[in-house]
Amino acid sequence: MKRLSVLFIIVTVLLLVVPAFAQDATPTPLPPEPIPDCPTFEAEPTDIRVGYYMGQGSAYLATSQLIEAKIAFACVVEVIEPSYIAGWMGRAETYFHLREFVRAQYDYNTALDYDPNLKEAFNNRGVVFAAQYDFARAEADFQRAVELDGNYLVAISNLAMIRAAQGDYSGALRVLEDAVVASGIDGVIAEYADPERPDNATPIPFDPLAARLYALLGIISEAQARDQFNAYLYLYNESQQFPDQRIADVAGALDSRFTFDLRLDDGSWLILDDFLS
C-alpha cells in the first residue's frame with residue numbers, strides 16, 4: 001500500500017511538472033546552412049560585392065532558380081555584410097518559395113532586428129505564418145504592418161483575407177471598406193460613370209491594388225452569404241422540413257466555389273511583398 005502511495009505521488013508530480021516544462025520549451029534551432037564560397041570580387045569594396053550578389057540573387061529568384069538564389073543571398077548576409085537588410089529579405093522570400101517556412105521566419109525576424117519598423121517584413125512574415133495555418137500570428141503581423149503605414153494596401157488586403165479565413169467577415173469588410181474610401185478608387189469609378197465624360201477621354205490611371213479591394217469585398221460578401229444560407233438550411237434540416245430549393249441550390253454552388261477556386265484558408269489570396277523590386 002505504501003508503494004502504491006509513493007507511485008501515486010510520483011505520477012502526480014510528473015503530470016504537474018511536465019506541462020510546465022513543455023510550455024517554457026523553445027523550438028529546437030534548425031541546423032545552420034553551409035557557409036557558401038563567394039569568391040567573386042573578393043578584393044573589391046563591400047558595396048560592390050553586395051551589389052553583385054544581390055543582383056545575382058534577385059535574377060535567380062525572378063527565374064525560380066531558388067537554390068542558386070539562396071546561395072547568392074547567403075553570400076551577402078553570411079559572408080559579406082550581415083546587416084544588409086535586403087539580403088535577409090531576399091533569402092527569406094527564397095525560403096518561402098522553397099516552402100522552408102521556419103527558415104523564412106528566422107530571416108524575417110533578423111530583418112526586423114535590424115529595422116523594427118520594416119512593414120514589408122511584418123507583412124511577409126504574416127504570409128509565412130498563414131502558410132503554416134497560424135492565422136492568429138499572421139493577423140497580428142498584418143495588423144502591425146498596417147499600423148506602420150495606414151495606406152499599405154498589400155497588408156490591408158492580407159489583413160482582410162486572414163480575418164475572413166477565420167470567419168470574421170464583418171472585421172474583414174470593415175478594413176476593405178475603409179481602404180476603398182482612403183484610396184480614392186471610388187472617385188475613379190465616379191469619373192468613369194460621369195455622363196458628361198467624352199467617349200474618347202484619356203483612360204484614368206488607378207492603383208491595381210486599390211481596384212482589387214472591390215474584388216475582395218465581393219469574395220468576402222459571398223463567403224458571408226454562404227454561411228447565412230447554410231444557417232437557413234441547417235434550421236430546416238434539423239426540423240426535418242424541406243427548404244426552398246432555390247436557396248439550397250445557391251448554397252451548394254457557393255460551397256463548391258469556396259471549397260475550390262475561392263478557398264479562403266489556403267493562402268492563395270495573400271500577397272507576398274516583392275521587397276527587392
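Is E147 buried or exposed? E147 is exposed, at a relative accessible area of 52%, where exposed means over 50%, buried under 20%, and partly exposed in between (1.4 Å probe, protein chains only). The model is predicted: local features need pLDDT of at least 70, side-chain atom pairs count only at pLDDT 80 or more, and totals for chains, interfaces and linings use all residues. Residues are numbered from 1 along each chain as its sequence is written, and side-chain values use heavy atoms, leaving out hydrogens and water.

**Salt bridges**

- The whole structure contains 13 salt bridges, each being a side-chain nitrogen of Lys or Arg within 4 Å of a carboxyl oxygen of Asp or Glu.
- R91 and E78 form one of them, with their closest N and O atoms 3.1 Å apart.
- This pair connects distant parts of the chain, 13 residues apart: R91 lies in helix α4 (residues 85-97) and E78 in helix α3 (residues 66-80); helices (H or I, at least four residues) are DSSP runs, numbered from the N terminus.
- R91 is buried at 6%, whereas E78 is partly exposed at 34%.
- A network of salt bridges links E78, R91 and D107.
- E147 also forms a salt bridge, with R144 (3.6 Å, N to O).
- Because E147 and R144 are three residues apart in helix α7, about one helical turn separates them.

**Surroundings of R103**

- R103 belongs to helix α5 (residues 101-114) and is buried, with 16% relative accessibility.
- Not counting residues up to four places away in sequence, R103 touches L30, P31, E33 and Y95, contact meaning heavy atoms within 4.5 Å.

Key:
Helices (H or I, at least four residues) and strands (E, at least two) are DSSP runs, numbered from the N terminus.
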